[in-house]
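Please view the sequence and the model first, then read the points below.

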Amino acid sequence: MTELFNSISTPVLILAVLALAVLGYLTIRARAIASGGGDARVLHSLPSYYGYNAAMFIAVPALLVLALWLLIQPMLVQNAVIDTLPAESIAEGASVNLLMSDVRRVADGLETLVAQGVMTTRETLTLDTKTTDLRAVLADVGVAVGAQIEAPVLAAAQKYRNLSTTADAWRTAIVLVLALGGFALAFRMTAPSFRARNAVEAGIKAVLIIAASLAILTTVGIVLSMLFESINFFRLHDWRDFFLGSSWAPNFRGDSNLSILPLLWGTLYISFIALLVAVPIGLFAAIYLSEYAGPKVRAVAKPLLEILAGIPTIVYGLFALLTVGPFLVSVFGRGDNGMLGVDWMSGATSVLTAGLVMGIMLIPFVSSLSDDIINAVPQSMRDGSFGLGATHSETVRQVILPAALPGIVGAILLAASRAIGETMIVVLGAGAIARISGNPFEAMTTITTRIVSQLTGDTDFASPETLVAFALGLTLFVLTLGLNVLALYIVRKYREQYE
Amino acid sequence: MTDMADTARHKGSLLVQDARTVKRNRAEARFKMYGIAAITIGMLMLAILLVTIIGRGAGAFQQTFITLDVPLLEDKLDKNGNRDLADIKKVSTFGYAPLMRTAFEEKVAAIGIETKLSGKDMANLLSKDAAATLRDFVLSDPSQIGQTVSFTFLAQSRVDGYLKDRVDRDNIANDKNISAEQLDLVDALIEAGSIEKKFNLSFITGADASDARPEAAGMGVSMIGSFFMMLVVLALALPIGVAASIYLEEFAPKNWITDIIEVNISNLAAVPSIVFGILGLAVFINYMHLPNSAPLVGGLVLTLMTLPTIIISTRASLKSVPPSIRDAALGVGASKMQSVFHHVLPLAAPGILTGTIIGLAQALGETAPLLLIGMVGFIASNPPDSIAEGLMSPNSAMPAQIYEWAKRADPAFYERAWGGIIILLVFLITMNAIAVLLRRRFERRW
């Protein structure tokens, strides 16, 4: 029986359930019409609703159980297998996770062996590491295993495969039973008085609610995924060093200095320069566009400025690295050969490079948000000011800006949160040296840059050098979330004033 | 009369501005200038950016080719002379190198150029890809063995750079890939018409190449990776986004749960993209064990990122459908659900589509999350064979490919990165133009 169920793969199972649903739709729809004596008018709902109801009963519970099972089964099987692993088989310096990935690989290998007909299931269970060179056998079928396979690993892999196949069989059986049960239930329910439309619409509504709550699920996913790994990190690394230390020097042999402060400094410094560029330009652009410009200028200038926001950040990154950086070096560097004859800057990557380019990127954020806010200031306030004899600029400075100030502060905070979370510009333009220094011509590094460098390439999820990226990510998330919430609060509060 | 006294105090004519008015008017003009300056700076930056991109990237679409007549000697390629494909396959690219050397020597002799270079040095002007090109040709048509075939090979990147003014004679002193004598030969060959710059289709359709062969690198395969990611985003983000918006806009009661959802969506829209990359790494790769670097994973991550954008624009277009439409549907006996799906949704469709296209364009240009799920740092050499493979097998994506090239410290790759940006921007501009056209064509004012 197990063999039979195991021969049905998951895609086939899904297709079978869907086929059953289509079949259910057709038969139940026909049955509904027949139950009304061929006259659709005596039915509560349109006949197709009876069909949809049947399809819903067949497919939804079955597929839902399948999805949940697929999610939970690996975890349960893994836990069961970990319990059987003897503690001493975990090698020095390695972790349970590493060992489990070995176990999984061997189990997958056994699966391939059976699938390709090299061994039967029974033979895989009687394998012995002493008599068979399993690594060579697996290599023959194209499964590469790193180290020599130890007996406990093989035993665990056998148990893993055993549990997995049994669970797979149960899964297939239960899903099919659910689908058929749904069919039978829908069949019994179908009668002229059954309110099929209401049932179907309740189902659709449930789907809509689930889709809407995906936003919550994503946030929870973000927080949990980072929280768990951060907790792991703080188990391995002193939290005082992370929050209060002064140097960032990851060392994959261990004993690293992993302090967020130099990174935070780099992040804030670059963001500050970016805002120094973006806020005046963006604000004046917004004032001009909303107060002075005619409709024609506005129709051209506003979309053009917003193109700056639509350009992918990788383009800005390249622009920083290859155009702005070398240009700044030719101005502020190269000693006597430079434009200013000074030698302040040696490499193309620096705080100034990244900050300037990020500032350009942020101009449209500041300008379009401020534009909306300035436009929301009631016309009566302008008229009052003009009536008192103020010039246009006096009106803007003394009436409109104070009235719009909370909103503009909100816009600036949103731009700041954008700057703090920006990645590509700083990865390419800011450099990789963590330091706390006030010199804008020096290369510095940011939180996002370090996340990228700690998590790309070969990562070992047992070392603090990798896990620190999650703690950095969590800090970044909290920081930007705080700024956003504050900004939205200010903007919302301000809007209510004039509505 | 106080009025009289005031007018009396104000000396001078209304037609002549007093000092204070002049000052105020100057301040006014200054203020206006600041605004114009700000707009001008913004425009200028955009112009500089676009000029830089086009100026530095256009070169990538042109490539230097060297034309040679290669004798496909039978004793080198097919020793048994029986045209058996299995035998011919045994000859590796090394076996083809001597052919190209002779071809080059003959070419130089035919044109009558005096040079001290050996055949090997001459053949070095060709791309390292050239032998493989020749081998592929022979394998696809073994009957050509024994004949002399005219071939157009890629030139190596230094020669290409020389024709594009990236490499000049002053800065090649320490370059072991090219020498002054070789450049002399290149000059002579250009004169003879054997070296020329042509449009390079393989930059658009080809795969990335290793560090030593920038001339052979192309965007094609990463474009396919991006395409599959967009497919995933479209298939997931559009239905989920629309369903969520319908619930929030049409059905949701005003309570704290709905409030939480709304706050969540607006916050997710502002979460840094790299955080979504961390989520993808932790959940999809570490927990669910989906394959690293797969466009499916990239698509899932980008879906979560694009959802808020799509939800916000969909809700706006649902909101713009007037309540009278809903009331009319309800009035003739439709259920709430029917009124939404049969009447409101079709009317909101153009707006939803516009928002979706803009969301997709945003996702297409996103790089940071892709770095964390491993869509950089390797070379996917072949386009995938099937949809399943396209989704599951490792690939890169356009912006990730550009990043990859930007990291390789070779000006030849920088040119390709800029060229890649041109291709990426062409896609983005097209998508945005479609969105604008849709909005213009179908937008309805009620």
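In this predicted model, the buried residues of helix H9 of chain B pack against helix H6 (119-123), helix H8 (157-163) and strand E3 (195-199) of chain B.

**Helix H9 of chain B**
- The residues of H9(B) that are buried are Gln182(B), Leu185(B), Val186(B) and Leu189(B).
- Viewed down the helix axis, these buried residues fall within an arc of 105°, so they line one face of H9(B).
- Residues three or four places apart in an α-helix point the same way, because there are 3.6 residues a turn.
- Ala180(B) and Glu191(B), on the other side of H9(B), are exposed.
- With 13 residues (180-192) at 1.5 Å a residue, H9(B) should span 18 Å, which agrees with the 19 Å between its end C-alpha atoms.
- After H9(B) comes Gly193(B), with a positive phi near 85°.

**Nonpolar cores**
- The largest nonpolar core holds 185 residues, and Leu318(A), Val357(A), Val366(A) and Ala415(A) have the most contacts inside it.
- Another core, of 34 residues, lies apart from it and includes Phe153(B), Leu189(B), Ile195(B) and Ala217(B).

**Contact between the chains**
- Chain B has 62 residues in contact with 66 residues of chain A.
- H2(B) gives the largest share of the side of chain B that touches chain A, namely 17 residues.
- The residues of that side of chain B comprise 47 nonpolar, 12 polar and 3 charged.

Methods:
Residues numbered from 1 in each chain as written. Chains lettered and ligands numbered in written order. Predicted model: local features only at pLDDT ≥ 70, side-chain atom pairs only at ≥ 80, totals over all residues. Contact = placed C-beta atoms within 7 Å. Helix = DSSP H or I, 4+ residues; strand = E, 2+ residues; numbered from the N terminus. Nonpolar A, V, L, I, M, F, W, Y, C, P; charged D, E, K, R; others polar. Core = buried A, V, L, I, M, F, W, Y, C linked by C-beta atoms within 7 Å. Buried ≥ 20, exposed ≤ 12 C-beta atoms within 10 Å, placed from the backbone. Expected span 1.5 Å × (residues − 1). Arc of directions from axis to C-beta.
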